[in-house]
Every structure is written in C-alpha cells, then in structure tokens.
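Trainee: Could you take me closely through the part of this model where the ligand sits, and explain the terms as you go?

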Amino acid sequence: SLATTFLGVNFANPFMNAAGVMCQTENELTSLAQSSSGSLITKSCTSAFREGNPEPRYSKAPLGSINSMGLPNLGFDFYFNYAKNTFPSVNVSNKPIFFSISGLSLEESTSMAQSLCPLATEGQVILELNLSCPNVPGKPQIGYDMEDMDRYLNAVSSVYSMPFGVKMPPYFDFAHFDSAAAVLNKYDKVAFVTCINSVGNGLVIDIDSEQTLIRPKAGFGGIGGSYVLPTALANVNAFYTRCPGKKIIGCGGVTSGSEAFMHILAGASLVQIGTQLQEEGVGVFDRILSELRTLMEKKGYTTLSDFHGKLKTL
Ligand code: DHB
C-alpha cells in the first residue's frame, strides 16, 4: 500500500501537485481534486488578484521547464472559499488540501495566515508558507535572507496556532543548509519543510531563434524538471538530517516512479510533481503510482516506511 499519514492526517498516496502547477483556477483545482493524487495544493496567493507577468511566462525546455509567472492568482478569498466550500465535499474523493500563501510583504503573509487559521483549526487545510518565489521583480527570495526568514516565521507563528510548512528555495552550500535549518528549528510550529522550489533565475536559450524562451525578466526564470533532480534530492536529505522533528515534502525532477522512490529514500514523506504534471496532465499520477508500486514489488517493499529515509552512504 502507498497509504501514509502526515501531520496526523491520512493520505491515500504520497503524491500531489507542486504549488503553482495546475492549481490557479477552479477548473484546474477540480481536475486535481478528481485525479488519483493523494492530495493537492492551491496556487501561491496574495491578498488581491494579480495578473502576473507578460506571456510567454512558462516554457518547456529540453530537460525540464523555465517559468517567470509573476504570482498570477485569483486572490486569497477565492482559494479560501474554494477550500472551505468545495473541499472537503461530497463527490470528490476525500483528500487533504494544502494552501500556499506568498505575500509580497511580511504584513501581507501574516494577515493571510491569520485569516486562514480558523479553517486550519477545523482541519480543512494545511498551510504551506512560500519563502521562495523567485519571479517578482525587485523582491528578493525570503529564504535567501536568514534574518528575513526568521522575521517571517516569527510573525506567522505568532498569529497561526496550527502546525504549518514552509516552501524552501534550493541551497548549494553546507553553510546555508546549516543556517537555514537552524532558523526553521527555532519554530516548533514549522512541522514540514518542502524542498525545493525552482532553481531561481536560470536562462534557457533556443539555438535556432537565438532567443530566450520566456518574455519576463529578459528570459531569466525558475528552472524545474530533470535539470534540478540532484539539487532537490540534496536539499530533501540535508533538511531531513538537520530537522529531526519535522517532515519533509520532496519536490523537483520527479518524472517517473524512480525519482519518487529516490525522494522518499532521501527522506521525503510526500512527493510533489510540477513540470511533469504541467507537461503530461493529471494522468501522471496514475502512471507514477503504478511505476512506484512495480519498483517496490521488485525490491520486496510493501509500504513506504520500508525505505523512507533509509538512504545508504558509502
Ligand atoms: C511564482 C513562482 C514561484 O516559484 C513561486 O514560488 C511563487 C510564484 C510565480 O512566478 O508565479
């Protein structure tokens, strides 16, 4: 069985969308809700509706994707009402919904967290606080400024009485793994850590047209897909070993059951799918579920706990 529990909640399987992918509109969320994913998460929201950056702002790339969406979203109230009214509801299978917030200031994130708290207290949503949006011009990623991250977590913790999670950017240095984990470990309410958001501000070039693939930010954007798998696995495992009291959600480079297995082996309790979901549609969940089951059978494993976090080193 691929069933698992996470923060005391039961999940039919560990798979969900990565925040941002197929979760902006009601129709997209409904299609995720009706898919075979174990859970889903809403598009990172701001208090007010945002149009986002000019198109094209997402592109498939040879080994993954590049995006600079600019936080297009329908505004906090839309996602709040969707979670409250449409979920958990009758005819969609009962599965947990995560709620991503990404304010453009500490005050905005704190205010949304405060408004969300009653719904979380009712057990209707789980908050994933986004500390890693790389695509809003002039706004540095919170997760790359340890003092800023500490201020956000202090403020959100003070208004939010339930356990919540954080969406982290990738780090590339042991000093940064250590300092980021030390900040997260100050906050007992930070119950899970989602690693990783896109590798920020890459540049993909089309050789025939000699052009960038996306319009915003002169073609710079967040990189996802197979390009980022080793970085994602490193970050999952780095935070798994440094944050013993917290759960890890793995995200980055999952295209088949094999990469999902690697994320879980490295310490992920749940696994998010971004680029591959965008490219393949919700059928990706059926395919990867079946591939993971086959791989587990081959290895003689019957549950996720048989290999979760059991990565061997040389
Ligand atoms: C966007 C991209 C991100 O990686 C993120 O975490 C939040 C928002 C965006 O461009 O919309």
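Mentor: I will begin with the ligand and then turn to the aromatic rings. This is a predicted model, in which local features need pLDDT of at least 70 and side-chain atom pairs count only at pLDDT 80 or more, whereas totals for chains, interfaces and linings use all residues. Residues are numbered from 1 along each chain as its sequence is written, and side-chain values use heavy atoms, with hydrogens and water left out.

The ligand is surrounded by 13 residues, the closest being Lys43, Gly70, Leu71, Asn130 and Asn197; a residue is counted here if one of its heavy atoms lies within 4 Å of the ligand. Among the polar contacts (pairs of N or O atoms within 3.5 Å), a side-chain N or O atom of Lys43 lies 2.9 Å from a ligand oxygen, and one of Asn130 lies 2.7 Å from a ligand oxygen. Asn135 likewise places a polar side-chain atom 2.9 Å from an oxygen atom of the ligand. The ligand exposes 290 Å² when taken alone, and the protein buries 92% of that, with areas from the Shrake-Rupley method and a 1.4 Å probe.

As for the rings, the structure holds 17 aromatic pairs, meaning rings of Phe, Tyr and Trp (its six-membered ring) whose centres lie within 6.5 Å. One of them joins Phe6 and Phe11 edge-to-face (planes over 60 degrees apart), at 5.9 Å centre to centre and 85° between the planes. Phe6 counts as buried because its relative accessibility is 1%, and Phe11 counts as buried because its value is 2%, the cut-off for buried being under 20% relative accessible area (1.4 Å probe, protein chains only). Tyr144, Tyr171, Phe174, Phe177 and Phe239 form one aromatic cluster.

Definitions and conventions: A polar contact is a pair of N or O atoms within 3.5 Å; within protein, one must be able to donate a hydrogen and the other to accept it, and residues adjacent in sequence count only if both atoms are side-chain atoms. Rings of Phe, Tyr and Trp (its six-membered ring) pair if their centres lie within 6.5 Å; planes under 30 degrees apart count as stacked, over 60 as edge-to-face and the rest as tilted. Buried means under 20% relative accessible area, exposed over 50%, partly exposed in between (1.4 Å probe, protein chains only).
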